[in-house]
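Open the model in your viewer and keep the selection tool at hand. The stops below say what to select next and what is there.

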Amino acid sequence: MSSSERDTMSAEAGSDGADADVSPGRRHGALAPFAPVLTGLTALVCLAGWLQKQPCASAKFDFIETTKNACYTDVYPLYYVRGLSDGKVPYFDSFAGTDIQYVEYPVLSGAFMQLVAWLVRPFGEDARGMAFFNVTALLLAVFAVVAVLATAYAAGRRSLRTGLMVALSPALLLTAYINWDLLAVALSALALAAWSARRPALAGALLGLAIAAKFYPLLFLGPLVLLCVRAGRWRAAGRLLAGTAGAWLLVNLPVMIFAWEGWKEFYTFSQGRGVDWGSIFFFLQDHGLERVSSSTGLLNLLGTGTFLVLAAGIAVLAFTAPRRPRLPQLMFLVLVAFMLPNKVWSPQFVLWLLPLAVLARPKLPAFVAWQIGEIVYFFGIWWFLLSVSAQTAGADLSGTLSAVLSFDAPEGGISQDVYHIALLARFLTVLALAVLVVRDVLRPDRDMVRAGGADDPAGGVLDDADDVVSLRRWRDRRRADVPVPS
């Protein structure tokens, strides 16, 4: 069936393409035969990730041990520091002892923390902290499986390859249990799977829940709306936005009404944060931009301004590319544009990028290079914090390499110069992957997904849609209207 015929049938159905007759199952291949394999492999990787944390768990996550063995987690210490061990309810109850007075996460993440705190109450007081970590890890592993299966579904006929790239990634093994990010990752992946199945309202509701768990999925509305405008899918965009707003408000409004001070902690805390580990500004403040670390206002201006410039460039790309970009390509690019100039870039943020990276560009060489960069940074940040905590100079590059080749952590951690190398390794590999995705957008013939004859398996109503709004099309039309001299 041609795209024009499908558009005609969609218009007759009055659904703006949302209820096209093409079965999502046919578009997305047969995921069912691969689901047990992907589920089992993801569970094994998550088990390996849990085992990787055990040297620290045996020391009750003592900070020196966690940095030396690179097995840090926020989950265990925040159970005590955020008052959960004392029965305090996130957002409604404040706690003393820090500059932060309430749980500094969006509402759905706080609700998840509270749920696990309730589940571990039957345990003895001395065992609750470890039980809180283990139960959280178990639930996060379930979210990891959901994220893998949803990503595989959205990949279409390359579901097995894409699912394996996510499930077997070193990033998942190393960072799954650092924080609660997998909740938002799973909801975002489900939202993309629902969109690919041509269920825009459901996709919006899931995306709204993802935003209620972590703020970054809000960025995905931009690519979705831009591509809907280019394809003229107005009704689908409206359903998406309505579903997103409705789900987000459903979760947030009760807390906003009854615990306003606690609810806004996440937003005030995020705005007031300074340069954090992992940010490119941490490197730049030691290389000519010393003022950045002393002015939060300037830092926010530089970070937000750079992101807005990059986002504007992505919007131009969305309308000028020779062929409408695939949805995961733009979603990946806008997320990278947000992360590169951000003042905070924690190790587990790699989980945000993981599903979109394999959907945007399911090629192994660049993916492996990026994963190596993430591994280098993962160990680099903990070993640098080890030197900071121990107040030592840390090993230089040769000393670090010697320790690594001996399968050991550098004694006393690593120096700041070596940490800068690790920071740049991650920054540059992510940037290189984004450049390759831009090249694929500009040269659709080099896009691995489209080279196989598909258009946009994750695109839902955008898949095989004709352009309605396109700067290139508008330019060609103007040229065609120019009279030819006789």
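## Stop 1: an enclosed helix

Select helix α20, residues 350–360: 11 of its 11 residues are buried, so α20 is largely enclosed by the rest of the structure. Buried means under 20% relative accessible area, exposed means over 50%, and partly exposed lies in between (1.4 Å probe, protein chains only). Helices (H or I, at least four residues) are DSSP runs, numbered from the N terminus. The buried residues of α20 include Trp 352, Pro 355 and Ala 360.

A word on the model before moving on. It is predicted: local features need pLDDT of at least 70, side-chain atom pairs count only at pLDDT 80 or more, and totals for chains, interfaces and linings use all residues. Residues are numbered from 1 along each chain as its sequence is written, and side-chain values use heavy atoms, with hydrogens and water left out.

## Stop 2: α8 against α11

Select α8 (residues 128–154) and α11 (residues 181–196). Their axes come within 8 Å and cross at roughly 25°. That makes α8 roughly parallel to α11. Axes are lines fitted to C-alpha atoms, for helices over the stretch in contact, and angles run from 0 to 180 degrees between N-to-C directions. Angles under 35 degrees count as roughly parallel, over 145 as roughly antiparallel, 65 to 115 as roughly perpendicular and the rest as oblique.

Now show side chains. Among the residues that meet are Leu 140, Phe 143 and Tyr 153 in α8, and Leu 182, Val 185 and Ser 196 in α11. Contact means heavy atoms within 4.5 Å. By class, this contact of α8 with α11 has 16 nonpolar, two polar and no charged residues. Ala, Val, Leu, Ile, Met, Phe, Trp, Tyr, Cys and Pro count as nonpolar; Asp, Glu, Lys and Arg count as charged; the others, Gly among them, count as polar.

## Stop 3: α8 against α9

From α8, Val 148, Thr 151 and Ala 152 meet Ser 159, Thr 162, Gly 163, Val 166 and Ala 167 of α9. This contact of α8 with α9 divides into four nonpolar, four polar and no charged residues.

## Stop 4: His 420

Go to α23 (residues 416–442) and select His 420. Buried or exposed? His 420 is buried, with a relative accessible area of 5%. Its side chain makes a polar contact with the side chain of Asp 286 (3.5 Å). A polar contact is a pair of N or O atoms within 3.5 Å; within protein, one must be able to donate a hydrogen and the other to accept it, and residues adjacent in sequence count only if both atoms are side-chain atoms. Not counting residues up to four places away in sequence, His 420 also touches Phe 282, Phe 283 and His 287.

## Stop 5: Arg 450

Select Arg 450 in α24 (residues 448–451). At 8% relative accessibility, Arg 450 counts as buried. Its side chain reaches the backbone oxygen of Arg 324 at 2.6 Å.

## Stop 6: two loop residues

Select Tyr 91, in the loop between α6 (75–81) and α7 (107–119). Its phi is near 80°, a positive value in a residue other than glycine. Tyr 91 is buried, with a relative accessible area of 5%.

Finish at Asp 464, in the loop between α24 and α25 (471–481). Asp 464 has a positive phi of about 65° although it is not a glycine. At 31% relative accessibility, Asp 464 counts as partly exposed.
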